[in-house]
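Please consult the sequence and the model shown here alongside the text.

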Amino acid sequence: MRKTIMLFAGTTEGRKLCEYLAGKNCDTYVYVTTEYGRELLPQADNVHIHTGRMDEADMLKELEAKKPYIVIDATHPYATQVTHNIKNVCDSKNISYVRVLREDNDKKPEFKSDNITYVKSIKDVVELLNSEQHNSKNILMTTGSKNIPEYVYITDYKERVYLRLLPNPEMLQSAIEAGIMPSHLIGMQGPFSQELNEAVIRQFNIGVLVTKESGSNGGYEEKVSATENTGIDCIVIKRPVEENGVSLPELIKYLKTKGL
């Protein structure tokens, strides 16, 4: 019997899983938030891609319509509310749910340096950037587009904030609408080398870089090393702890046992 799979993507693992399922004896419905995310996914007759943000009610409607064999959550580790919503709707309909962990999810030793501060949330970041230690420094935000609405609470953000994000028209437009100066937008596809990070830091006279603890897929080590080498401050938003889930190889091994 041909199986139906729902895959919430948005990470490298989600893309690789979509590539694996393309052409298999199943119907795979993939959910991404942006057109840019859609363009990164493979094209196949059995892959059906939905673009746009979904709340819990939207997810429930899709679940009821598709009646999947399994729901796979390969969203970003920082998208905790999205993961919460996906799991809730699966539990409510008694549908199998599996969380895919990042391939580099094993905890590496934290960088130990006087220039690095670890925080838990973007709210903590804003408070730090408005403190006396940082309130006169130019800022390079490398945390993506999701938190753009919160950047406006940074003191003098129009003059101080430089935002590096994907070269996606929707993301760039949302940043401009929030008040980020077009001349302060750096639209580039990463990950980036340490040398390129250092060049950006010097070009815009950056005094503090903000990043997520994103691992090798997000070029995390190269960003932190660049701040150490240039002598600027670095604020790191720690990754939420994920206790339950499987790696991509483990999930693919499981799918193979089911004839996929």
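Two strands are said to pair if DSSP finds at least two bridges between them. Helices (H or I, at least four residues) and strands (E, at least two) are DSSP runs, numbered from the N terminus. The model is predicted: local features need pLDDT of at least 70, side-chain atom pairs count only at pLDDT 80 or more, and totals for chains, interfaces and linings use all residues. Residues are numbered from 1 along each chain as its sequence is written, and side-chain values use heavy atoms, with hydrogens and water left out.

**The sheet**

- Six strands form an open sheet in the order β6-β11-β10-β7-β8-β9, and their pairing is parallel.
- The edges are held by β6 (116–119) and β9 (185–187); each has a single partner strand, so one side of each is left without a neighbour in the sheet.
- On average, neighbouring strands of this sheet are turned by 20° against each other, direction ignored. Here axes are lines fitted to C-alpha atoms, for helices over the stretch in contact, and angles run from 0 to 180 degrees between N-to-C directions.
- Within the sheet, β7 (residues 138–141) and β10 (residues 206–212) pair in the parallel sense over four bridges, and L140 stands opposite L209 in β10.

**Helices on the sheet**

- Helix α9 (residues 194–203) lies across β7, β8 (161–165), β9 and β10, and runs at about 135° to β10.
- Helix α10 (residues 220–230) packs on the sheet and touches β6, β8, β10 and β11 (233–237), where contact means heavy atoms within 4.5 Å. The direction of α10 makes about 160° with that of β10.

**The α3 and α4 pair**

- The axes of α3 (residues 56–66) and α4 (residues 80–93) come within 9 Å and cross at roughly 40°.
- The two helices, α3 and α4, are therefore oblique to each other; angles under 35 degrees count as roughly parallel, over 145 as roughly antiparallel, 65 to 115 as roughly perpendicular and the rest as oblique.
- Residues of α3 that meet α4 include M59, L60 and L63, and their counterparts in α4 include V82, I86 and V89.

**Cysteines**

- Zero disulfides are found in a search of the whole structure, a disulfide being a pair of cysteine sulfur atoms within 2.5 Å.
- The sulfur of C26 is 9.7 Å from the closest cysteine sulfur, in C18, which is too far for a bond.
- C18 is buried, with a relative accessible area of 0%, and C26 is likewise buried at 0%. Buried means under 20% relative accessible area, exposed over 50% and partly exposed in between (1.4 Å probe, protein chains only).
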